[in-house]
Amino acid sequence: MKLLHLIIAIIIFSFCITGCSISTDGNDQQAANHMNDDFPPDMKGFVNVNGNKYEMKSGNYKWERKKGSETEAVTTDAASPSQIAEAFNAISVKPSANIHIEIQDHPKISVYHWYENDRDKEVLLKNNNLSVPSSKGRYIYEVLAKWSNGEVSYTFVIDVK
């Protein structure tokens, strides 16, 4: 009789230990993985002028990613490039200098000149290079970078001397 009680106690104890260690839906593992993911990514953008590299200031961005059957999306709203430019140290350049744009993972980029508080016109690029205007003054540029799963707006300011 005592042996039967001992066997039943061992079986019940085994079920309790096994039941406590099984995850039924995997949510704990998903939560742990999510904490380690880098989403949204922090994509750095730079302009290279005469061998000197300057980081552009990022503004609005939006990113999407698939997690299983669901899509996760992040969208932000930031100040306009003209507002960002107010706190930006302008890069001093000579008239007609070349500026090379470098952004992580080589997205498709478009560059826009900003005049006062509005986007003025798209600037022509050749191999991610743009030519500085020949007229002296302060110029604000927005670089719109697009990847397959997101986009970021960057701002940089030049002072043509």
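**Salt bridges, strands and burial**

Modeller: Lys-44 and Glu-55 form a salt bridge, with their closest N and O atoms 3.6 Å apart. A salt bridge here is a side-chain nitrogen of Lys or Arg within 4 Å of a carboxyl oxygen of Asp or Glu. Lys-44 lies in the loop between α2 (27–36) and β1, and Glu-55 in strand β2, so the pair ties together parts that are eleven residues apart in sequence.

Biologist: What kind of model is this, and how are residues numbered?
Modeller: This is a predicted model, in which local features need pLDDT of at least 70 and side-chain atom pairs count only at pLDDT 80 or more, while totals for chains, interfaces and linings use all residues. Residues are numbered from 1 along each chain as its sequence is written, and side-chain values use heavy atoms, with hydrogens and water left out.

Biologist: Back to Lys-44 and Glu-55. How exposed are they?
Modeller: Lys-44 counts as partly exposed at 31% relative accessibility, and Glu-55 is partly exposed at 43%. The cut-offs are under 20% relative accessible area for buried and over 50% for exposed, with partly exposed in between (1.4 Å probe, protein chains only).

Biologist: How many salt bridges are there in the whole structure?
Modeller: A search finds six. One of them joins Lys-53 and Glu-102, at 3.4 Å from N to O. Lys-53 is in strand β2 and Glu-102 in strand β6 (residues 98–103), so this pair links parts that are 49 residues apart in sequence. Lys-53 is exposed, with a relative accessible area of 51%, and Glu-102 is partly exposed at 23%.

Biologist: Which residue pairs with Glu-72?
Modeller: Arg-65 does, in a salt bridge with the closest N and O atoms 2.9 Å apart. Arg-65 is buried at 17% relative accessible area, and Glu-72 is partly exposed at 24%.

Biologist: Switching topic, how many helices and strands does the chain have?
Modeller: Three helices and eleven strands. Both are DSSP runs numbered from the N terminus: helices are H or I with at least four residues, strands E with at least two.

Biologist: Where does β2 sit in its sheet?
Modeller: It is an edge strand, as is β9 (129–131), and each pairs on one side only. The sheet is open, has four strands in the order β2-β1-β6-β9, and its pairing is antiparallel. Two strands pair if DSSP finds at least two bridges between them. Strand β1 (residues 45–49) pairs with β2 over four bridges, and Val-49 stands opposite Asn-52 in β2.

Biologist: What about β11, is it buried or exposed?
Modeller: Nine of the eleven residues of β11 (residues 150–160) are buried, so the strand is largely enclosed by the rest of the structure. For the chain, 29% of the 161 residues count as buried.

Biologist: Which strands run alongside β11?
Modeller: Among them is β10 (residues 137–147), which is antiparallel to β11 and joined to it by eleven bridges. A hairpin connects β10 to β11 through two residues. Val-143 has Tyr-154 in β11 as its bridge partner. Strand β3 (residues 57–67) also pairs with β11 in the antiparallel sense, over five bridges. Strand β5 (residues 91–93) runs parallel to β11, with three bridges.

Biologist: And the hairpin of β7 and β8, what happens at its turn?
Modeller: Two residues lie between the strands, and Glu-116 takes a positive phi near 55 degrees. Tyr-115 has Asp-118 in β8 as its bridge partner.
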